[in-house]
Amino acid sequence: LYISSFFFLMIRRPPRSTQSRSSAASDVYKRQGNWYCQSCTATTKHMIPWIALDKLDFNGRTVSKLAEAELRELQSLPILNIRKDHPIVAQSRDLYNFLLAKRKLTFLYDSLCTPEIAEQEVEPYTHFLLKENWLSLENLRDATQGYLTQVLDRVNYNLERHLMTCFICSQKARSCLICRKDEKIYPHQIETTYYCRFCRNLFHNKCIEAIKKCPECHNPCLLHRV
């Protein structure tokens, strides 16, 4: 419902012909070379969702008063699902790094003895704990500017410290089922480990790269970090 409404959030363009400037009924003024009607044009500028998703352009633009009320509400709602294969992920290294940090957060969240620990740490971004990448327009802007990656790096550091020192949480460590070394590994260590989403086993990246498939469920391994 919200996504479909974006198509109606149009920037008002001037008509091909307007009344005389002296006409009180027209009540128009000139801005940026165009004519706008004061009775229907908002005084503040707003980010346009489809432009942000298409071009990563978060500059404010003049909109109608009708669109302003809806835009103001939508910009803080997490209604944008940014999948890892979305074109804008390839356009922004900062957005890619944010999705890495968010993936690490979801693994940590699943490993904690008490979920409330993560919920308190990540406040007011509790929707980041969901496995799907649901973002608001404001979140998307802040992620492409590197700000949210810094936020999640601090959160992940605190959660990882708890995980390593908590007796209950630390029991969730595993060993690589390929090399069988005594080294304990965790799913959130995405830089060095591979988590099979089919059988939920854990391996070293370097071990799984050699065989290209999970030795337990035999599904092909797609080595991606996001």
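Predicted model: local features only at pLDDT ≥ 70, side-chain atom pairs only at ≥ 80, totals over all residues.
Residues are numbered from 1 along each chain as its sequence is written. Local features need pLDDT of at least 70 and side-chain atom pairs count only at pLDDT 80 or more, while totals for chains, interfaces and linings use all residues; side-chain values use heavy atoms, with hydrogens and water left out.

**View 1. The whole protein.** You're looking at 10 helices and six strands, taken as DSSP runs (helices H or I, at least four residues; strands E, at least two) and numbered from the N terminus. Of the 226 residues, 41% are buried, meaning under 20% relative accessible area with a 1.4 Å probe, protein chains only.

**View 2. Helix α6 against helix α8.** Here α6 (residues 115–122) packs on α8 (residues 147–165) at about 155°, axes 10 Å apart. Those axes are lines fitted to C-alpha atoms over the stretch in contact, and angles run from 0 to 180 degrees between N-to-C directions. So α6 is roughly antiparallel to α8 (over 145 degrees). On the α6 side, Ile 117, Ala 118, Glu 121 and Val 122 meet α8 residues including Leu 152, Val 155 and His 162; contact means heavy atoms within 4.5 Å.

**View 3. A closer look at Leu 159.** This residue belongs to helix α8, and Leu 159 is buried, at a relative accessible area of 0%. Beyond its neighbours within four places in sequence, Leu 159 touches Leu 105, Leu 108, Leu 112, Ile 117, Ala 118 and Glu 121. Leu 108 sits 51 residues away along the chain, yet its C-alpha atom is 6.8 Å from that of Leu 159.

Note on methods
Parallel < 35°, antiparallel > 145°, perpendicular 65-115°, else oblique. Buried < 20%, exposed > 50% of the residue type's maximum accessible area, 1.4 Å probe, protein only.
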